[in-house]
Amino acid sequence: MLQSPVEFFRTLPKKVCPECGQQVMEQAESYLQECDRCLSKKVE
Ligand SMILES: [Zn+2]
């Protein structure tokens with residue numbers, strides 16, 4: 001069964017933080033995986 005491109009993008013999984021499983025807000029220039037909370041924990 002073929003999916004239309006629109007439907008394909010709509011069904012893409014949300015980006016989720018691998019650390020805590022929280023949904024990560026998409027940021028255009030961000031390639032980071034973790035959410036803000038986990039990132040701030042990592043940064044010394
Ligand atoms: Zn997190």
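A residue is buried if 20 or more other C-beta atoms lie within 10 Å of its own, exposed if 12 or fewer, and partly exposed in between, with C-beta atoms placed from the backbone. This is a predicted model, where local features need pLDDT of at least 70, side-chain atom pairs count only at pLDDT 80 or more, and totals for chains, interfaces and linings use all residues. Residues are numbered from 1 along each chain as its sequence is written.

**Exercise 1.** Work out what percentage of the protein chain is buried, and how many helices and strands there are.

Step 1: the protein chain has 44 residues, and 2% of them are buried.
Step 2: there are two helices and zero strands; both kinds of element are DSSP runs, helices being H or I with at least four residues and strands E with at least two, numbered from the N terminus.

**Exercise 2.** Find how far Val24 is from Asp36 and from Lys14, C-alpha to C-alpha.

Step 1: Val24 and Asp36 are twelve residues apart in sequence and 8.1 Å apart in space.
Step 2: Val24 and Lys14 are ten residues apart along the chain, with 7.7 Å between their C-alpha atoms.

**Exercise 3.** Describe the surroundings of Glu34.

Step 1: Glu34 is in the loop between H1 and H2.
Step 2: it has 17 C-beta neighbours inside 10 Å, so Glu34 counts as partly exposed.
Step 3: leaving aside neighbours within four places in sequence, Glu34 is in contact (C-beta atoms, placed from the backbone, within 7 Å) with Cys17, Pro18, Glu19 and Leu39.

Terms used
Contact = placed C-beta atoms within 7 Å.
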